Amino acid sequence: MKDNTSTALWQMSAAQTASAIRLGRVSAREVAQAHLDRIGAVNPALNAVVDHRPDDVLAQADRIDQLRGRGADLPPLAGVPVTIKINLDQKGYATSNGLRSKKDLIATENNPVVDGFLKAGAVLLGRTNTPAFSARYFTDNQLFGATRNPRNPALTPGGSSGGAAAAVTAGIGAIAHGNDIGGSVRYPAYACGVHGLRPGLGRVATYNASGPDRSIGFQLMSVQGPLARTVHDVRLGFGAMAGRDLRDPWWFGGEAPQPNPKRAAFCAHPEGIGTDPEVETALRDAADRLRDAGWDVTELDAIPPLKEASRIMHMLWVADAPERILQAAIDEGDPGGIFAMQGAIDWVGPVGLSEFADALTRRAALVREWLAFLEQWSVLLLPPSSRLPFPVDEDLKGGFKSLTENQYFMAGLPAIGMPALMVSTGVVGDNIPVGVQILSTRGGEETCLQAGEAIEARGVPAAPITPDFM
């Protein structure tokens, strides 16, 4: 069977791929082989996928074709190629997290996210790169090396899901898995010019049997989320990931938010936070796009705190075991990992038990304040960052404080646990992506996605692309 469209199989969206397989226009094996060929064509220049097994990929695809051949009802992502980040358990593969010390840590069971994709019929294509410890906005490590941004090799592909974003941008997989504690889904989506959803806390079940992280921050703020080239595909990825799993005691099925319909707000400079002119222009453009789509959009001078929320996020990330975290980075010998761990510890400052308890109490108060605020608005539009996507290794050159204080829009949101969608809206200058973050209340992932689709409909960067530096 052959695809009858002029679009190459690796260029198709997840929705298009699933439909073509369901209708018999193409086989799952043909789709899988096209994506394996795509890995061979572009991955040597990108280093986005760092572990894949073609025979396993084709065997998964064959099982989908066998289901269809028997006339069985196909699941929603049947035959859709999906990548998994190397810090998530996938049975039989190393959960290395970019660390030489964990290169042989082979998972004995799947993370619930992996099980969710398999239940939805996805074909797991390969595993994507991350910085050491998944701890930077820049994807590089001593085990696999650096990942390059397909749109512009002078820019970071983001982190920590930089491999995921680079892969899906270049047509390696239709949906990519990522996870986000300080922007690790949203920032790579921003830097690579695609879309990424950080679901609300507890909406996606997760559990790594190979080594659950002991950090309080990971327990209270880290979530799994999808990246894709269309907002609809992000929705499909979220649907596959969000199933119930008893291994995660914090999972919940979502709430039915009741904000004012199609009522949006945006804020360009909360708490005096500055932005690059191109970043603010993209924010205002997104607001205009929503107005054009029939939304009531209001500009605000102030919103609940982001700077304080960002500091709390960093405190909960490192403060419960700073010596252990820093020593692990030193033992690994990864310059970026050491920089990130030491920088966060220094930026937060000394934390005793009372300060730690105060941070947890204050976090609860901030969540209440944000929940009350979001009762007034369906969505809040925010910049992704104060800056355009960073040049490669900008953190090592400019220092942790400078970098972090340009990332309040990224790092502040995880502390409050609400869903946030990054939507890419265009490119400026020398092929530098821009876009907008869309925040909604607890359980409001679908509201984010609806607003995102309205913004996306009025223009996004072309994708997938073939890097021009190959």
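Predicted model: local features only at pLDDT ≥ 70, side-chain atom pairs only at ≥ 80, totals over all residues.
Me: In what order do the strands of the open sheet of 11 strands stand, and which strands are at its edges?
Reply: The open sheet has mixed pairing and the order E1-E3-E2-E4-E6-E5-E10-E11-E9-E7-E8. Neighbouring strands are turned by 30° against each other on average, direction ignored. A strand with a single partner has one side left without a neighbour in the sheet, so the edges are held by E1 and E8 (296-299).

Me: How many bridges join strand E7 to E8, and which residue of E8 is the bridge partner of Ala 264?
Reply: Strands of a sheet pair through backbone hydrogen bonds, either parallel or antiparallel. E7 (residues 263-266) and E8 run parallel and are joined by 4 bridges. Within E8, the partner of Ala 264 is Val 297.

Me: Is strand E10 largely enclosed or left open by the rest of the structure, and how many of its residues are buried?
Reply: Residues count as buried when their relative accessible area is under 20%. E10 is largely enclosed by the rest of the structure, because the buried residues number 7 of the 9.

Me: Which residue in the turn between E10 and E11 has a positive phi?
Reply: E10 and E11 run antiparallel and are joined by 8 bridges. Val 428 stands opposite Ile 432 in E11. The two strands form a hairpin with 3 residues between them, and the turn residue with a positive phi, about 55°, is Gly 429.

Me: Which residue of E10 does Gly 196 stand opposite?
Reply: E5 and E10 run antiparallel, with 3 bridges joining them. In this pairing, the residue of E10 opposite Gly 196 is Met 422.

Me: At about what angle to E6 does helix H8 run?
Reply: Helix H8 spans residues 231-241. The helix lies across E4, E5, E6 and strand E10 (420-428), and its angle to E6 is about 145°.

Me: How many residues of helix H5 are buried, and which residue with a positive phi follows the helix?
Reply: H5 (residues 162-169) is mostly covered, with 8 of its 8 residues buried. These buried residues pack against several elements, including helix H2 (28-46), strand E3 (123-128) and helix H6 (186-192). The residue that follows H5 with a positive phi, near 85°, is Gly 171.

Me: Which residues make the contact of H9 with H17, and how many of them are charged?
Reply: H9 contributes Ala 286, Arg 289 and Leu 290, while H17 contributes Ala 451, Ala 454 and Ile 455. The contact residues divide into 5 nonpolar, no polar and, as for charged, 1.

Me: Is Asn 208 buried or exposed, and which residue's backbone oxygen lies 2.8 Å from a polar atom of its side chain?
Reply: Asn 208 lies in the loop between strand E5 (195-198) and helix H7 (216-221). Its relative accessibility is 14%, so Asn 208 counts as buried. Beyond its neighbours within four places in sequence, Asn 208 has contacts that include Leu 88, Asp 89 and Thr 95. The backbone oxygen lying 2.8 Å from a polar side-chain atom of Asn 208 belongs to Asn 87.

Me: How far apart in space are Arg 442 and Ile 416?
Reply: Arg 442 is placed in the loop between strand E11 (432-439) and H17. At 31% relative accessibility, Arg 442 counts as partly exposed. Arg 442 and Ile 416 are 26 residues apart in sequence, and their C-alpha to C-alpha separation is 9.5 Å.

Terms used. Residues numbered from 1 in each chain as written. Heavy atoms only, no water. Contact = heavy atoms within 4.5 Å. Nonpolar A, V, L, I, M, F, W, Y, C, P; charged D, E, K, R; others polar. Buried < 20%, exposed > 50% of the residue type's maximum accessible area, 1.4 Å probe, protein only. Polar contact = N/O pair within 3.5 Å; in protein donor to acceptor, adjacent residues only side chain to side chain. Pairing = 2+ DSSP bridges. Axes fitted to C-alpha atoms, helices over the stretch in contact; angles between N-to-C directions.
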